[in-house]
Amino acid sequence: MAAPLIELRSVSKDYGVHKRRFFGGWIGAIRAVDGVSLSLESRKTVSLVGESGCGKSTLSRLILGIERPSAGEILFTGRQLGKLTPSQSRDYRMSVQAVFQDPWSSLDPRMTVGSSIGEPLAIMGTHSKNEIKDMVSALLVRVGLKSEYASRYPHEFSGGQRQRIAVARALSLRPRLVVLDEPVSSLDVSIRAQILNLLTDLQESDGLGYLLISHQLPIVWSLSDQVAVMYLGQIVEFGPADEIESEPLHPYTQALILAVPPTHPDRKRKTATLPGEVPSPLNPPNGCRFHTRCPRAMPQCAAVEPEFREVAPRRWVACHLY
């Protein structure tokens, strides 16, 4: 059986916290990602969902190589990142690209669109200037724009067009995995559908794997094959997107879904809000980290950390209820 494109094995990431005023000093460490294991494959979309500050963006930076894990291993096609040869590291950097949330700030306003898309190719030094120019033109056409737009600047485009440009730039190195960090949250609803359709078409044609980070659950359900639910740095539920949408197991997942308003004003269903606030990551609760807010908490939840295990075919959850 072939190895996953990217595999995380018990990956953790710590950040030291110091006082900023007067004499400074060490306060403690925040474990932004805590023992996460996850596999990402070609032609599949895995989504990370959870409240702000749960560790989704930190996990994406670890996968992109922007950060290094404090513990655990990240493997690329079965090879540990820290042990890759220079040529293998270069292959990894080309194989993993990103599309970020804000199309207004992710493009350099001083560079033409053609220069922004072609910059990764120029840095890699694998193509001539004429080849890069031709490739940029082809990429613009692939994402639904005109090739002559290469000579224009970002301020001449709408938000949806800018995000198409960002997608073209991510595709320039022919990646195998693209990290989508809230790729449509800043766009109008009608434009969101166009970008999502574009991403779906590109995945089918190029065999791309996606890691989608999003707060918008309707987008997660429509685009994802699998969903990982994060809370305070840990994955508390993982499984097929359609099964998690229809039958969430973890109380936190249930609360996230119930917090989303119905898609139609005439549609009636139960809604709920989570009580309290997310505990400080400097001092997370003992036992299950969600027990301080969980409506179904039991005495053992405050004392014993639940094991993350498979409770049904392809369904994983960390909860004492199961």
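Predicted model: local features only at pLDDT ≥ 70, side-chain atom pairs only at ≥ 80, totals over all residues.
Visitor: How many residues does α6 have, and what does it reach from its first C-alpha to its last?

Guide: Helix α6 runs over residues 189-206, which is 18 residues, and its reach from the first C-alpha to the last is 26 Å, close to the 26 Å expected.

Visitor: Which residues of α6 are buried?

Guide: The buried residues in α6 are I195, L196, L198, L199, L202 and Q203. Looking down the axis of α6, these buried residues fall within an arc of 155°, so they line one face of the helix.

Visitor: Why would residues three or four places apart point the same way?

Guide: An α-helix has 3.6 residues a turn, so residues with that spacing point the same way.

Visitor: And what do the buried residues of α6 pack against?

Guide: They pack against several elements, among them the strands β3 (45-49), β7 (177-181) and β8 (209-213), and also the helices α4 (129-142), α5 (159-171) and α7 (217-223).

Visitor: Changing topic, how do β4 and β5 run, parallel or antiparallel?

Guide: Strand β4 (residues 71-76) and strand β5 (residues 79-80) run antiparallel and are joined by two bridges, with F76 standing opposite R79 in β5. The two strands form a hairpin with two residues between them, and in the turn T77 has a positive phi of about 50°.

Visitor: Where is Q88, and what is it in contact with?

Guide: Q88 is found in helix α2 (residues 86-95), and, leaving aside neighbours within four places in sequence, Q88 is in contact with R79 and K83. The C-alpha atoms of Q88 and F76 are separated by 9.3 Å, although these residues are twelve apart along the chain.

Visitor: Is H250 buried or exposed?

Guide: H250 counts as buried, because its relative accessibility is 1% and the cut-off for buried is under 20%. H250 is found in the loop between α8 (241-246) and α9 (251-258), and among the residues it touches, not counting those up to four places away in sequence, are V236, E237, F290 and Y322.

Visitor: F290, then: which cluster do ring pairs link F290 into?

Guide: Ring pairs link F290 with Y231 and Y252 into a cluster, and a search of the whole structure finds six aromatic pairs.

Visitor: What sits over the ring of Y15?

Guide: The charged end of K13 sits over that ring, 5.3 Å from its centre.

Technical notes: Residues numbered from 1 in each chain as written. Heavy atoms only, no water. Phe/Tyr/Trp six-rings, centres within 6.5 Å; stacked < 30°, edge-to-face > 60°. Lys NZ or Arg CZ within 6 Å of the ring centre and 35° of its normal. Helix = DSSP H or I, 4+ residues; strand = E, 2+ residues; numbered from the N terminus. Expected span 1.5 Å × (residues − 1). Buried < 20%, exposed > 50% of the residue type's maximum accessible area, 1.4 Å probe, protein only. Arc of directions from axis to C-beta. Contact = heavy atoms within 4.5 Å. Pairing = 2+ DSSP bridges.
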